[in-house]
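Hello,

Here is the structure I promised to send over. Have a look at it first, and then read on for what turned up.

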Amino acid sequence: MEKKKVALITGVTGQDGSYLSEFLLAKGYEVHGIIRRSSVDYRERIAHLEGTPNFHLHYADMGDSMSLVKLVGKVQPTEIYNLAAQSHVQVSFDAPEFTADVDAVGVLRILEAVRTNHLEKTCKIYQASTSELYGKVEEVPQNEKTPFHPYSPYAVAKLYGYWIIKEYREAYDMFCCSGILFNHESERRGETFVTRKITLAAARIAQGKQDCLYLGNLDSLRDWGYAKDYVECMWLILQHDTPEDFVIATGVQHTVREFATLAFHYAGIELRWEGEGINEKGICTSGPANLVGKTLVAVSEAFYRPTDVVNLWGDPTKAKTELGWNPQTTSFEQLVQIMVNHDMQKVAADHVASVMRTNLAEYLEKGIVK
Ligand code: NAP
Ligand code: GDD
């Protein structure tokens with residue numbers, strides 16, 4: 001009889017954690033996820049999975065070794081997906097110590113929790129590594145052999161995670177691997193990452209709910225893929241015969257400006273770009289009549305970073321040939337369209353809900369409903 005597959009996911013409430021949970025549940029896994037206490041108990045991305053028989057949530061924290069040791073002992077996972085992180089690069093400049101504790105030492109805590117429970121020969125570990133390791137890039141495109149040059153507190157912390165995974169693989173013969181993932185986005189992406197910030201703003205501006213979108217570096221280049229496609233790769237990395245690290249990317253690059261132009265296009269607005277640097281503006285050339293001629297996108301220094309990574313472009317050849325993964329499942333155009341369509345509906349639904357709340361308040365005040 002095949003051994004029961006038990007996955008433990010740290011970062012289960014995040015973008016990737018939610019898609020990975022769906023993916024593993026569909027494959028028949030028993031899925032356990034780590035949640036942490038917060039003042040608002042609202043787990044939007046996984047709300048639809050709660051109550052599913054094979055899906056279990058546990059309180060623990062990446063900063064609390066004891067909680068991780070106890071949980072790994074209780075769950076006895078056959079696979080751990082370590083996705084938990086303070087994942088926002090700009091925030092890592094404001095909270096560098098917290099970022100290091102969760103993103104660097106947190107990885108060590110997971111590895112030691114597995115060793116403390118004597119599971120090093122039965123439990124495989126996936127580490128959510130990142131293209132940010134290439135940072136101030138030393139070659140384009142980047143592959144598994146490209147030298148690292150981290151360029152933010154986040155990237156430096158993640159570099160420790162990458163090396164400690166490699167160290168435990170060699171020192172203790174553990175099956176632990178890093179997926180060096182390039183940016184991947186979705187309709188579940190956090191709202192302060194640039195893609196989601198743009199798609200939500202495009203939807204709000206198209207529906208008269210926002211006047212202007214302020215962005216930072218419009219020239220920054222990213223290799224953007226769809227998160228739903230990328231979680232399959234995390235699983236494939238752990239099903240490979242040998243523990244190895246893989247670059248996961250689409251192999252296609254675009255600027256932030258190109259993303260914004262396309263997102264506004266799908267929201268029914270065409271933009272023309274004028275000016276340079278801090279003075280650059282995206283002006284509406286067609287769309288709703290009241291918007292034509294207006295500046296809908298402007299640059300703000302508030303979104304510049306002390307050091308910015310500006311040229312990420314991944315080479316997914318190894319993942320394609322050794323894992324049989326298809327990096328082009330969802331194209332850049334499809335990704336932007338999926339996100340804009342979702343946010344157009346979200347903004348419209350939020351508007352209806354707010355009108356209903358206003359009406360209800362008025363009806364209560366007038367005694368029409370009690
Ligand atoms: P995300 O949406 O920001 O999710 C981060 C997750 O980590 C959340 O579930 C969060 O929990 C959890 N977390 C943060 N601090 C924690 C702590 N102290 N203890 C326990 N859980 C904690 O990130 P994502 O986009 O899904 O990315 C997943 C992983 O891949 C991250 O490690 C990220 O650095 C890495 N990565 C992402 C990309 C990308 O483009 N998305 C690319 C390369 C690498 P709460 O909900 O409680 O905050
Ligand atoms: N967030 C943000 N907001 N970024 C902006 C803005 C803005 O208003 N304007 C321009 N940018 C630029 C940033 O300077 C950066 O060069 C690029 O857009 C992408 O920024 P983010 O979307 O915040 O993502 P990131 O690339 O810094 O980090 C994401 O991808 C990494 C993988 O390369 C995160 O998901 C990390 O966790 C992940 O490791």
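**What turned up**

Aspartate 173 is exposed, with 58% relative accessible area; exposed here means over 50%, buried means under 20%, and partly exposed is in between (1.4 Å probe, protein chains only). This residue sits in the loop between H5 and S6, and its phi is positive, about 55°, although it is not a glycine. The element names follow DSSP runs numbered from the N terminus, with helices (H or I) of at least four residues and strands (E) of at least two.

Before going further, two notes on how to read all this. This is a predicted model, in which local features need pLDDT of at least 70 and side-chain atom pairs count only at pLDDT 80 or more, while totals for chains, interfaces and linings use all residues. Residues are numbered from 1 along each chain as its sequence is written, chains are lettered from A and ligands numbered from 1 in the order in which they are written, and side-chain values use heavy atoms, with hydrogens and water left out.

**Other backbone spots to look at**

Histidine 118 also has a positive phi of about 55° without being a glycine. You will find histidine 118 in the loop between helix H4 (96-116) and S5, and its relative accessibility of 67% makes it exposed.

The bond from valine 140 to proline 141 is a cis peptide, with omega near -15°. Proline 141 belongs to the loop between S5 and H5.

How many residues of S6 are buried? In strand S6 (residues 176-181), 6 of 6 are. In a regular strand the side chains alternate between the two faces of the sheet. Here both faces are covered: Cys176, Ser178 and Ile180 are buried on one side, and Cys177, Gly179 and Leu181 are buried on the other.

S6 has a parallel partner in strand S5 (residues 124-130), with 6 bridges joining the two; strands count as paired if DSSP finds at least two bridges between them. Within this pairing, alanine 128 is opposite glycine 179 of S6. To get from S5 to S6 the chain passes through helix H5 (residues 153-172), and this β-α-β crossover is right-handed (with the strands pointing away from the viewer, the path from the first strand over the helix to the second runs clockwise).

S6 also pairs with strand S11 (residues 246-248), again in the parallel sense, over 3 bridges. There, leucine 181 has isoleucine 248 of S11 as its bridge partner.

**Ligand 1**

Around ligand 1 there are 25 residues, of which Thr13, Arg36, Leu83, Ser87 and Tyr154 come nearest; to be counted, a residue needs a heavy atom within 4 Å. By class, this shell holds 10 nonpolar, 9 polar and 6 charged residues. (Ala, Val, Leu, Ile, Met, Phe, Trp, Tyr, Cys and Pro count as nonpolar, Asp, Glu, Lys and Arg as charged, and the others, Gly among them, as polar.) Helix H1 (15-26), S5 and H5 each give at least two residues to the shell, and S5 has the largest share, with 3 residues.

An oxygen atom of ligand 1 lies 2.7 Å from a polar side-chain atom of serine 87, and an oxygen atom of the ligand is 2.8 Å from a backbone N or O atom of aspartate 16. A nitrogen atom of ligand 1 is 3.0 Å from a polar backbone atom of methionine 62. On its own, ligand 1 has 910 Å² of accessible area, and the protein covers 87% of that (Shrake-Rupley method, 1.4 Å probe).

**Ligand 2**

Which residues are closest to ligand 2? Thr130, Ser131, Tyr154, Ser220 and Arg305 are, out of 24 that surround it.

Happy browsing, and best wishes

Methods: A polar contact is a pair of N or O atoms within 3.5 Å; within protein, one must be able to donate a hydrogen and the other to accept it, and residues adjacent in sequence count only if both atoms are side-chain atoms.
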